[in-house]
Amino acid sequence: MRSNASPGYLRSIARAFQGLRRQRKSAPSAFGMICSVAATFLNFATVTAADDVRHPKATPQRPNVLFIYTDDQATWTLGAYGRPDTRTPVLDRLAREGATFDAAFTTTPVCSPSRAGLMTGLYSTQVGIRDWLNPQSEPKAGLAPAFLTWPEVLKAHGYATMLFGKWHLGLEDHFHPTRSGFDDFYGFRAGGTTPRDPVLEADGVSAKRPGFVSDLITDRALQFIRENASGTWLAAVHFREPHAPYAPTTDDDAAAVAGLEIALPDVPGLPRERVMKLRREYLASVRSIDRNVGRLIALLAELKLDENTLVIFTSDHGYMIGEHGLHHKGNASWIVAGKTGPRPNMFDNAIQVPLIVRQPGRVPAGLRVKRTVTQLDHFATILAWVGLGLPPNLKIEGRNAAPLLAGGEVKDWDDSYFGQYDMKHYKEARMRMIRTPKAKLIRHFEDTSLDELYDLAADPGETKNLAADPAVAKLRAELEAELLRRMHAIDDPLTKRE
Ligand SMILES: [Ca+2]
């Protein structure tokens, strides 16, 4: 069921590099020379999309990629997104030194489908992962290794690749990260683990490890970067933080936000004391990320790898603690007085993610990107940025946003985007969404009386559902037509029900 194709040439390139890796172990001094010759060859041998990427200056080799992926992190946790009631000095500095995307989104607002989309550039129905994978009820589900991933392409072109932290794309061995593009894995395959003293897998062995997860996976990532400093590498650091449970954190992380007065959403019936406590615990967890990103960035500086490392910081989806009277993400529950149970949703708070990108000399410092991008776009963007481009015959849905990272524009870039969420845990929902910078339509195929339409230009907080308002019937019809067009374009299973 490989719907994004399997270029056989990748395998031949990978075999060549495996040979180089073996030589590297026995003759490290010769590796650089061999690698450089091989890289020159590959520049001519592969199809690249580098032509549309700005190159302010030539890079001596392909950039390393430090991909930092957090779990359930809202943009309101970051100073860089205009929130003074936060404590994220490192991430704010990263934003000042690089680009911040003001309209970055996930196409599905829960863990596993978002992560599958990141890896494959495909929508949740295309990879067959529509809700988060429940290790208890779905132990045999996962991301089929037949889908090509961008780490797999980097690996085939000589990158040392390693995943640290959360996978959540299958428990069984044939879904292991090492089957989807990573040379090595240090972390956990399921959706979560305890913040302190977690069970983590290293060299295929799972064992309880003393310490905090954020610190442990960063320790291992630092070791990996040091070991591969003279080569080209991808470090995918997938923090479990700030996913629930938020606590415990280190005393230092808790103390950093203990007295913080956090502005709370103006929602009737909000249990303000409880929400404040939860938000402080959540921000303490975010602080553990910020502190550890600081350690990673410091190592890049120490090794003089700043200018040749693309750093991407993002999250799998957004999050609410009180916004709209809800708690959690696309499968949020009510937290306000008088309401209980789940509220499946695709509010901006659930679908928007932070996205900060840095590479000094290539990404302009302080750039704010207004264009709409999604997590599906990382695949084509990263491969274009490092000068590889997409493998021939590959069919993915994500787009190449590399020119945007460089401060440029892409002709006819479409700022509307399509999302899906088939919720099956806690409650059934079949949501399809079309969002433009001005309006958003969410159709609930499980119960069309729940359809939602928001005028984002006049009501960015999405407080007034206009779905049944005759005054906007024309707008609704236009959005609905576009939504159906997108659904048909990807052969969405829900089109079969109409
Ligand atoms: Ca998540």
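Glu 462 is buried, with 20 other C-beta atoms within 10 Å. A residue is called buried if 20 or more other C-beta atoms lie within 10 Å of its own, exposed if 12 or fewer do, and partly exposed in between, with C-beta atoms placed from the backbone. The structure is a predicted model, in which local features need pLDDT of at least 70 and side-chain atom pairs count only at pLDDT 80 or more, while totals for chains, interfaces and linings use all residues. Residues are numbered from 1 along each chain as its sequence is written.

**Loops and backbone angles**

- Glu 462 lies in the loop between strand 19 (452-455) and helix 13 (473-489); helices (H or I, at least four residues) and strands (E, at least two) are DSSP runs, numbered from the N terminus.
- The phi angle of Glu 462 is near 55°, a positive value in a residue other than glycine.
- Asp 412 also has a positive phi, of about 60°, although it is not a glycine.
- Asp 412 is located in the loop between helix 12 (402-405) and strand 16 (417-423).
- Is Asp 412 buried or exposed? Asp 412 counts as exposed, because it has 5 C-beta neighbours inside 10 Å.
- The peptide bond from Ala 244 to Pro 245 is cis, with omega near -5°.
- The peptide bond from Ala 247 to Pro 248 is cis, with omega near 5°.

**Overall composition**

- The protein comprises 13 helices and 19 strands.
- Of its 498 residues, 48% are buried.
- Among contacts between residues at least 6 apart in sequence, 66% join residues at least 24 apart; two residues are in contact if their C-beta atoms, placed from the backbone, lie within 7 Å.

**The nonpolar core**

- The largest nonpolar core has 123 residues; such a core is a set of buried Ala, Val, Leu, Ile, Met, Phe, Trp, Tyr and Cys residues joined through C-beta atoms within 7 Å.
- The residues with the most contacts inside this core are Phe 164, Ala 235, Leu 383 and Leu 405.
- Helix 9 supplies the largest share of this core, 8 residues.
- This core draws at least three residues from each of domain 1 (8-405) and domain 2 (428-497), the domain bounds being taken from an automatic or database domain assignment.
- Ala 235 touches Leu 66, Met 162, Phe 164, Ala 221, Phe 224 and Ile 225, not counting residues up to four places away in sequence.

- Strand 1 (residues 64-70) is largely enclosed by the rest of the structure, because 7 of its 7 residues are buried.
- Asn 64, Leu 66, Ile 68 and Thr 70 point one way from strand 1, whereas Val 65, Phe 67 and Tyr 69 point the other way.
- Strands of a sheet pair through backbone hydrogen bonds, either parallel or antiparallel.
- Strand 1 and strand 9 pair in the parallel sense over 7 bridges; two strands pair if DSSP finds at least two bridges between them.
- Which residue of strand 9 is the bridge partner of Thr 70? The partner is Ser 315.
- Strand 1 also pairs with strand 8 (residues 233-238) in the parallel sense, over 5 bridges, and Leu 66 has Ala 235 of strand 8 as its bridge partner.

- An open sheet of 3 strands has the order 10-11-12, with antiparallel pairing.
- Its edge strands are strand 10 (320-321) and strand 12 (333-334), each of which pairs on one side only.
- Strand 10 and strand 11 (residues 326-328) run antiparallel and are joined by 2 bridges, with Ile 321 opposite His 327 of strand 11.

- The buried residues of helix 3 (residues 89-97) are Leu 91, Leu 94 and Ala 95.
- These residues lie on the same side of helix 3, because they cover an arc of only 100° around the axis; the arc is that of the directions from the helix axis to the C-beta atoms.
- They pack against strand 2 (99-101), helix 9 (272-302), strand 9 (309-315) and strand 13 (355-358).
- Helix 4 (residues 111-120) has 10 of its 10 residues buried, so it is largely enclosed by the rest of the structure.
- The buried residues of helix 4 pack against helix 5 (124-127) and helix 11 (378-385).
- Just after helix 4, Gly 121 takes a positive phi of about 75°.
- Asp 215 is found in helix 7 (residues 213-227) and counts as partly exposed, because it has 15 C-beta neighbours inside 10 Å.
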